[in-house]
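Dear colleague,

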Amino acid sequence: NGIKPFPFGIERKYIGWNKNIVKDIDFVCIFGQEQYPPLRKKVRKILESFCKKNELVYVTEKTKTRDEFYNILARAKVGISVSGGGYDTARFWEILGNNCILLTEKIDIYNDEDKRLQYNNIYEFNNENDFEDLLIKITQYLRTDYNINDLKKDYQNIINNHSSKARVNEIIDYCKDKGIIK
């Protein structure tokens with residue numbers, strides 16, 4: 001009751017996507033390292049097997065540069081994030097900042113009543129079985145209903161509500177509410 005969650009946000013440098021970029025990669029699952037937590041490696045292997053079997057386009061190989069990574073992410077329809085110490089990692093925000101559907105482990109920074117991260121393009125999983133079930137569900141969506149224009153409203157809300165600027169304004173408003181600043 002006095003601790004305010006303060007997650008990362010979307011930095012301008014994360015955004016490689018614009019409306020002229022074709023989303024021609026179905027899934028991206030790239031981690032800086034995958035030794036910890038073990039779920040990262042498991043998720044990547046499950047994804048590779050699933051995509052091969054279902055003839056989906058995917059990228060799981062590490063990139064040589066940050067720009068190369070953002071260019072790939074900009075072309076992706078779905079990005080996968082498994083954090084090392086809670087959901088709030090740069091990868092989470094990089095994926096959202098590039099107008100991708102996000103598959104991520106259970107979000108636990110806010111209490112259950114908080115709706116700040118309830119968007120149509122965020123899907124959560126608890127374990128490998130949940131992840132596999134989501135892959136099936138998302139693949140069905142990609143094949144039948146996916147339209148980048150349908151993601152516009154949530155994308156704009158995510159950019160507006162979760163940018164670095166929004167985080168700074170959140171701190172200022174909180175400090176004003178607590179009487180720390182006027």
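A salt bridge is taken here as a side-chain nitrogen of Lys or Arg within 4 Å of a carboxyl oxygen of Asp or Glu. The model is a predicted one, in which local features need pLDDT of at least 70 and side-chain atom pairs count only at pLDDT 80 or more, while totals for chains, interfaces and linings use all residues. Residues are numbered from 1 along each chain as its sequence is written, and side-chain values use heavy atoms, leaving out hydrogens and water.

The whole structure contains 8 salt bridges. One of them pairs Lys106 with Glu124, with the closest N and O atoms 3.6 Å apart. This pair links distant parts of the chain, 18 residues apart: Lys106 is in the loop between strand E4 (101–105) and strand E5 (122–125), and Glu124 is in strand E5. Helices (H or I, at least four residues) and strands (E, at least two) are DSSP runs, numbered from the N terminus.

Arg44 forms salt bridges with Glu34, at 2.7 Å between the closest N and O atoms, and with Glu48, at 3.0 Å. Arg44 and Glu48 both lie in helix H1, 4 residues apart. Arg44 counts as buried because its relative accessibility is 15%; buried means under 20% relative accessible area, exposed over 50%, and partly exposed in between (1.4 Å probe, protein chains only).

Yours sincerely
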